[in-house]
Amino acid sequence: MVECLNKTKVLTKGNYAIANAAVIAGCDCYFGYPITPQSEIGEFMSGKMQELKRAYVSAESELAAINMVLGACSTGKKAMTSSSSCAIALMQEALSYATSDELPVVLVSVMRGGPGLGNIFPSQGDYNQSTIGGGDGDYKIIVLSPSTVQEAVDLTYKTFYLAHKYRNPAILLADGLLGQMMEPVEFGEYPYPEVDHSDWALLGAKNRNSRIIRSYSPQEEPQCEHIRHIFEKYRHLEENEVMYEEIDTEDADLVVLSFGSLSRNVKAAIKQLREKGLKIGFFRPITLFPFPNKRLQEIAGKTKKFLTIEVNMGQMVRDVRLAVNGKVPVEFYGKPVGSWPSVEELAEAIEKAVI
Amino acid sequence: MATQVFKVPDSFKKDFKYTFCPGCDHGVAIKLVAEVMDELGIREKTIAATSIGCSVTIYDFLNVDAIESPHGRALAVATGVKRANPDKFVFTYSGDGDFASIGLAESLHAALRGECLSAICINNTTYGMTGGQLGPTTLLGQVTTTSPMGRNVEYYGYPVKIAEHVALCDGTAFSARVSLDTIANIRKAKQAIKKAFEVQLQGLGFGFVEILSTCPTNWRMSPQQAHERVRNEMMPVFVPGVYKDITNKENN
Amino acid sequence: MEKNFVIAGFGGQGVLLAGEVLANAFMLEDKKVTWYPCYGAEMRGGTVNCEIVMSDEEVSSVNKKEADFIIVLNQASFDKFEPKVKKGGYLIVNTSLAEKIENRSDIHYVFAPISEMAEKLGNVKMANMLSLGLLMRASGLLSVDILEKALDTVLPVHRKNLLPLNKNAMEMGYKYDLLAVNC
C-alpha cells in the first residue's frame, strides 16, 4: 500500500488515502498509537515517513502522541496524529492547550462506536467530541467532515492548510466506514500555499529575544485579551471558511441534513423521493466548525421544515436548531451506532417527515 | 584589582525577577543549567519544554525559546520538538511530581527510546506549588498536607528512586543524582548537568539528572534546616551518585 | 446504472482480495466504485464478506440491503446471503462447500464446484479468482482481460508470478458451462 504515492488514480482505503494525502501535504512528523478502525494510518506512516526521512514515533499512549504533536508544532513544523473516539477522549487536554498556544495541530479522527470502549462499528457519535470538545476553557477546533474517499484526500489538504493558516488545531472527522472502504482517488499536488511561521516558531533565540509558548496566564486582563484574540480568529473562520454541499433547497418543503459518509445514503433516498414528486432538499455541512449558520438561516426562511439524520442520538441537530433559532421545526432521525441505515429505511423516514 | 567571583550567566534574561521562596534550591539549579549552557555555547539553539509546578518558571529566567507542556507531558513535548528539529538542543526541567508521577510513562519511554534529550528533575519530596502535598518521592514517615500522620506503606506505598529507574533504561546515556546542600556538591551537580547535556550533543542518547532540593516553605524550615534535612534524611534514601554513564567504560 | 456485488466466505478464502480485484476492474473501466469489508473480530477463520458497488454516477450507499450479484464460497455464507439477492439477481454458489439447494424461485442460481476446480488447476486458493470468472460470465459486465489487469494492479511485486495461474482460473470460471444452470 505504501507505494500508492504519486499514482494518478488508485483504488485505496480511506485510511491509506488520508495518510498518503498527509504525506503529500508535507507532514513533517507523525506521532501515533494504534486503535481500530484507523490503525492503517499509523501503519502507512511508519513506513512512509522513515522512507522519506521524516519524523515518526510509535508513542507510548495517545497522551504522549498528541503532546509530541504539540512539541513539533511549536517549532512551526507540520505535525499530526490520528486516532479514534475513546482514545481521542484522552487528547482533549492537549487540544485545549494547543488552542491557547495557537499551535497548528492536525488530528485525524476516525469515529467508532461509543461510549467507553464501545465497538468498532462505524458511528457519528463524536460530532460533539470534535466540535465542542472536552478540554477546559473557551476554545473551538476547526472540524472538516468528508463524505467520500476523494473528499477525505481533499479535506486532509485543507485541514493542514486551515490549521496552519489560523494557528488552531484542526480535526479531519471521518468514520469507520470511510476509513475502511475503498474508492478510486486522485491525489494531485498539495493545492495550498505554505504558511510562514518564522515570526513565532521556536527555533532558538538567535539574534532575537527568547520566545515562550505558554497557556499559563496569571493576570486577568491579558488572559481576556488573549481569548478575545482567539475568538476573533473564529469569527474570521465563520466568515471565510464555511463549506457545505446543497442540493435542491430552493423549492423544498423539507430540507434534510446529514454529515459525513452517511450523506451518500441520505442523498440516494432523497433522489428516490424526488422522483416520486416530493419537494425535498439536501444540505451537508462540510465544515462542522465553522458551522454554516448563515446559510441555514437563509434556507430556514424558505422551507417549512428541517430533518437532521445522524448515526448517533442527535448531536448535529443541536447546532442546526441553534442556527435556525426557532424559525422552522427541526426534527431528528437516527440510530445510535452501527451500519448506516439503508436507502429504503431513510426514504421511509424522510417521507414521513414531509408535511 | 578586583576579581569577579560572581556573575549572572549570559543565558539568563537581563530583566529576570527572582520569584522562588527564600532558601529554595530551584534558583541554584537554574543558575547551574544557565552556566552549563554558557560553557557549551548552546543558548541560541536551545528549546526548553517546561513542566507544570514551580519548575515552570524557568522560562522567566532563561533567555531561551520554551514551550510550556501540559502536566506530566514534558518529555513527550520535548520528543516532538527534538524529532522535528534534530539539530536543536532540547531539554526539560521538571519537578518530581511532573516527571515521576503524572509523567512517569512519558519520562521512562523517552529514556527507553533513547531520545537525544536532556532532562533535569527537581526532587524536593513534595508538591510545592500546590502547598506541600504527598508526592511520588515523599519519604516514609514524612508529614505532608495529605499524609498528616506521616507517609506509611499501608496507605501510600513507597517513594520512587528516579535516577535508578532511568539508569535501567537501555536508551539512557547518563543518569545521576546530585545534591545542592554544600558547595562541593553544587560543583558535582554542575558537572552532572554538563554531562547530561553533552550526551545529547554527542547524539549518545538520553541524559538525566535528579537534583535533591529544598522546599523550606512547605517543609516549615529555615533554609539551613532544610539543607540539613536534605543531607540527613533525603541523601541516605536517595543516594547521590552517577547511576549510568556510557561514556565512562570503567563505571559500567 | 448502479450494480452491487457481495463476495462472502470464510477467512483465508481470499474474499477481500477478490473484491479488491473486482473494484479495481471497474475503476479501470472508468466506473465509480466502492469496496467495503465486513468481518468478525477474529483475524483468521471467521466469516468475511465485502460489498462492491459500481455506478455511472457517485455511488449512493456502500452497503445495501440487497445485492444484484452474490458469490458464496461456503455454506454459512449461502445461508446468510441467499435471502439478500435482489429479485432477478444472481447467486453464485461454491458447491464444493455448500449444498446445491434452491430455496427461492425469483433469483438465478449458478452452481459450480469452485474449490475443486481451483484445486484441479493447482491451488485451492485460486477459488476466489475462479469465482470472479463465473461472475463475469453471469453478469456480462467485464472481460477476463480487465480482471487480469486489475489483479496485476493489486498484486505486490513479489507476488506477480501468480498472475498467469490466476488468469487461468478466471478463464476457467468464465468458460464454465452455465447452460446447466437454472436461468
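## Domains of chain A

In this predicted model, chain A is assigned two domains: domain 1 covers residues 2-185, and domain 2 covers residues 244-353. The C-alpha centres of domain 1 and domain 2 of chain A are 26 Å apart.

## Contact between the two domains

Domain 1 of chain A contributes 22 residues to its contact with domain 2 of chain A, which contributes 20 residues. On the domain 1 side, the elements that supply two or more residues are the strands β6 (119-122), β7 (142-144) and β8 (170-175), together with the helices α6 (127-131) and α8 (176-180) of chain A. Of these, α6(A) gives the most, with 4 residues.

The side of domain 1 of chain A that touches domain 2 of chain A comprises 10 nonpolar, 10 polar and 2 charged residues by class.

In chain C, C:Ile7 belongs to strand β1, which spans residues 2-10. C:Ile7 counts as buried because 33 other C-beta atoms lie within 10 Å, where the cut-off for a buried residue is 20 or more.

When residues up to four places away in sequence are left aside, C:Ile7 touches C:Val15, C:Ala18, C:Gly19, C:Asn49, C:Cys50 and C:Ile71.

How values were computed:
Residues numbered from 1 in each chain as written. Chains lettered and ligands numbered in written order. Predicted model: local features only at pLDDT ≥ 70, side-chain atom pairs only at ≥ 80, totals over all residues. Domains from an automatic or database assignment. Contact = placed C-beta atoms within 7 Å. Nonpolar A, V, L, I, M, F, W, Y, C, P; charged D, E, K, R; others polar. Buried ≥ 20, exposed ≤ 12 C-beta atoms within 10 Å, placed from the backbone.
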